[in-house]
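Please look at the sequence and the structure before reading on.

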Amino acid sequence: MVLTMLVDIDHLLATPIYDAERCSIGFHPLHGLLPIIVYLLMFLQPRFCYLRYAGLGLLIHMGLDSIDCYVNQGYWYQP
Ligand SMILES: [Zn+2]
């Protein structure tokens, strides 16, 4: 599950790499609504348990990033 933090590699594509005033969710390519749906499907599929753990880790990651947004910006998702 720690490996799922690698999803933040898409932050490296942005300039500046880290900006406290920016909301990751909806901004970075792997933090969009479509990838989040994919993570949810990974978590919900019953067959491959490693994929489930990865999906869960990614959903937790998105949740934490979203909470970070809400605390700093007052919204959950970058429009
Ligand atoms: Zn992130």
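The dialogue below takes up the helices, the core, the disulfide and the surface in turn.

Q: How many helices and strands does the protein chain have?
A: Before anything else, please keep in mind that this is a predicted model. The protein chain has 2 helices and 0 strands; the helices are H1, covering 33–44, and H2, covering 49–73.

Q: What should H2 span, and how far apart are its end C-alpha atoms?
A: The idea is to count 1.5 Å a residue, so the 25 residues of H2 should span 36 Å, and this agrees with its end C-alpha atoms, which are 35 Å apart. Just after H2 comes glycine 74, which takes a positive phi of about 90°.

Q: Which residues of H2 are buried, and what do they pack against?
A: Buried means under 20% relative accessible area. In H2 this holds for Gly55, Gly57, Leu58, His61, Met62, Asp65, Ser66 and Cys69, and the buried residues of H2 pack against H1. In the protein chain of 79 residues, 30% are buried.

Q: Which residues make up the largest nonpolar core?
A: In soluble globular proteins, nonpolar side chains tend to be buried together. In this model the largest nonpolar core has 8 residues, namely Val7, Cys23, Ile25, Tyr39, Met42, Leu58, Met62 and Cys69. Helices H1 and H2 are the elements that give two or more residues to this core, and the largest share, 3 residues, comes from H2.

Q: What is methionine 42 in contact with, leaving aside its neighbours within four places in sequence?
A: With those neighbours left aside, methionine 42 is in contact with Leu51, Arg52, Ala54, Gly55 and Leu58.

Q: How many disulfides does a search of the whole structure find, and which cysteines are joined?
A: The search finds 1 disulfide, and it joins cysteine 23 to cysteine 69, with an S to S distance of 1.8 Å. The pair links distant parts of the chain, since cysteine 23 lies in the segment before H1 and cysteine 69 in helix H2, 46 residues apart. The torsion about their S-S bond is about 115°, so the disulfide is right-handed.

Q: Are these two cysteines buried or exposed, and what of cysteine 49?
A: Both cysteine 23 and cysteine 69 are buried, whereas cysteine 49 has a relative accessible area of 43% and is therefore partly exposed.

Q: What share of the accessible surface of the protein chain belongs to carbon and sulfur atoms?
A: The accessible surface of the protein chain comes to about 5,400 Å², and 73% of this belongs to carbon and sulfur atoms.

Terms used:
Residues numbered from 1 in each chain as written. Predicted model: local features only at pLDDT ≥ 70, side-chain atom pairs only at ≥ 80, totals over all residues. Heavy atoms only, no water. Core = buried A, V, L, I, M, F, W, Y, C linked by side-chain atoms within 4.5 Å. Buried < 20%, exposed > 50% of the residue type's maximum accessible area, 1.4 Å probe, protein only. Helix = DSSP H or I, 4+ residues; strand = E, 2+ residues; numbered from the N terminus. Contact = heavy atoms within 4.5 Å. Disulfide = S-S within 2.5 Å. Areas by Shrake-Rupley, 256 points an atom, 1.4 Å probe, with all protein chains shown as cover. Expected span 1.5 Å × (residues − 1).
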